[in-house]
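Please open the model in your viewer and keep the selection panel at hand. The tour below moves from one selection to the next and says what is found at each stop.

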Amino acid sequence: MPKPSPHSHQPLAERLRPQSLGQVIGQQHLLGEGMALRLAFESGQPHSCILWGPPGVGKTTIARLMADAFDAQFISISAVLGGVKDIREAVEQAQVALGQGRRTILFVDEVHRFNKSQQDAFLSHVESGLFTFIGATTENPSFEVNSALLSRAAVYVLQPLTAEDLKQIVARALVESNLSAIEDVAIDRLVAYADGDARRLLNTLETLAVAAQQEKVEQITDVWLLKVLGERMRRYDKGGEQFYDSISALHKSVRGSDPDAALYWLVRMLDGGADPRYMARRLIRMASEDIGLADPRALRMALDAAEVYERLGSPEGELTLAQCVVYLAVAPKSNAVYKAYNEARALVKKDGTRPVPMHLRNAPTKLMKQLDYGKGYRYAHDEEDGFAAGETYFPDGMAETHFYRPVERGLEIRIAEKLRQLKARNAGESPKY
């Protein structure tokens, strides 16, 4: 019988953690040749940063590799379990290391869970260079990390791993561990179930490996996988096609103003194991794309639903997602802003960079004023009704372009009337009220 590995007690996800940048799968927009984080590794000078991304995409791995690259002491704190005492101990360890001429990288996992005073405790030590701070968060750091700490750290956005990334991880797990062979259909289902999360994938593989060993299964088939992992896995089809078809059905039901169908697809996806946070993000998108300014409250409703879910969690928080879905479905619909944004993007992409007109430029210095920056600008608040009739705001020589065309639904009825009045005033006509 082969002798067990000294690390065999470690979870599979830990055993397969990359030991070098070359072993990292995914995040090539940051770690590829010439990319931001790769350049940071190669510079020889570590810097404080925030790694923002969903679970299981490599935040901890990157922090550990950075410590290895700079031969630095690595200290890890979990904001879920830790507190001020852990911060003090980390500072003491960093001071000892500094006395020995060694750098320290302090990694704070789930940094958004530390309160303001706890986050402030890092500031003076980051500024003094006692340690390099690396925070990991699944939440938007603009909202969850103190601005003072955020201003001292670069923010790197990590992406969910692609299906191909996850398949590479499965292949590596099969080679480097005592796992049974897995048929392609089963791999596709596992990848869809992992939903971009390498840790979830590897933990699932580990569960399968134990079950396969107990049952003496030589190859993991799709049928056996479903039997072991149960009904929840059965709801994910190979390649994730059913998942994306379902979110499409939800979106189209909301767009089609059918609250009952929208509720059906929401509940079916939640019942199938879809992440409620993902669902909340999709609702925010629907509020902007399909309702827009016809009912601006829809976007606020979607944002509130996402926040309430974070506070309550499952299953209580899912009710607010249902409330949001019904509201979005019955709200007046407009894709006018969505279309206007896409038209503006297309024009800017093909048009080139036009200079800002002189009358629209800011003139904070005497030299800029002498160069006529801001000359001739009409301050709208000083004009009748707060509107500088006839003023132009597009670049010089560019034809006036109308991207935004409001629909005759909801609040956009009033917006359209307002724009007609302003257009008439620009043309020198008397406004009609």
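## A loop to begin with

Select tyrosine 379, which lies in the loop between α21 and α22; helices here are DSSP runs of H or I with at least four residues, strands are runs of E with at least two, and both are numbered from the N terminus. This is a predicted model, in which local features need pLDDT of at least 70 and side-chain atom pairs count only at pLDDT 80 or more, while totals for chains, interfaces and linings use all residues. Residues are numbered from 1 along each chain as its sequence is written, and side-chain values use heavy atoms, with hydrogens and water left out.

Tyrosine 379 counts as partly exposed, at 44% relative accessibility, given that buried means under 20% relative accessible area, exposed over 50% and partly exposed in between, with a 1.4 Å probe and protein chains only. The accessible areas come from the Shrake-Rupley method with a 1.4 Å probe, and for residues only the protein chains shown count as cover.

Next, select aspartate 396, placed in the loop between α21 (366–370) and α22 (412–426) and exposed at 59% relative accessibility. Leaving aside neighbours within four places in sequence, aspartate 396 is in contact (heavy atoms within 4.5 Å) with Arg354 and Pro357. Show methionine 358 as well: its C-alpha atom is separated by 9.1 Å from that of aspartate 396, although the two are 38 residues apart along the chain.

## Salt bridges

Because aspartate 385 lies in the loop between α21 and α22 and arginine 425 in helix α22, the pair ties together parts that are 40 residues apart in sequence. Aspartate 385 counts as exposed at 55% relative accessibility, whereas arginine 425 counts as buried at 13%.

The structure holds 25 salt bridges, and another one to display is formed by glutamate 215 and lysine 227, with the closest N and O atoms 3.5 Å apart. Glutamate 215 belongs to helix α12 and lysine 227 to helix α13, so this pair ties together parts that are 12 residues apart in sequence. Glutamate 215 is partly exposed at 43% relative accessibility, while lysine 227 is exposed, with a relative accessible area of 55%.

Then select Arg255, Arg285, Glu289 and Asp290, which are linked in a network of salt bridges.

## Into the cores

Which residues touch the most other members of the largest nonpolar core? Of its 27 residues, Ile169, Ile182, Leu201 and Leu205 do; a nonpolar core is a set of buried Ala, Val, Leu, Ile, Met, Phe, Trp, Tyr and Cys residues joined through side-chain atoms within 4.5 Å. Colour α10 (163–176), α11 (184–194), α12 (198–215) and α13 (222–229), each of which supplies at least two residues of this core, with α12 giving the most, 8 residues. Centre the view on leucine 201, which touches Leu166, Ile169, Val170, Leu190 and Ala194 when residues up to four places away in sequence are not counted. A second, separate core of 25 residues includes Leu266, Ala274, Met286 and Leu321.

Leu321 leads on to helix α19, where Thr320, Leu321, Ala322, Cys324, Val325, Leu328 and Ala329 are buried. Helix α19 (residues 318–330) has 13 residues and reaches 19 Å from its first C-alpha to its last, close to the 18 Å expected at 1.5 Å a residue, where the expected span is 1.5 Å times one less than the number of residues.

## The whole chain

Finally, zoom out to the protein chain, which has 22 helices and 7 strands and whose C-alpha atoms fill a box of roughly 95 × 60 × 40 Å, taken along the principal axes. Buried residues make up 40% of its 433 residues, and the chain exposes about 24500 Å², of which carbon and sulfur atoms supply 52%.

Note on methods
A salt bridge is a side-chain nitrogen of Lys or Arg within 4 Å of a carboxyl oxygen of Asp or Glu.
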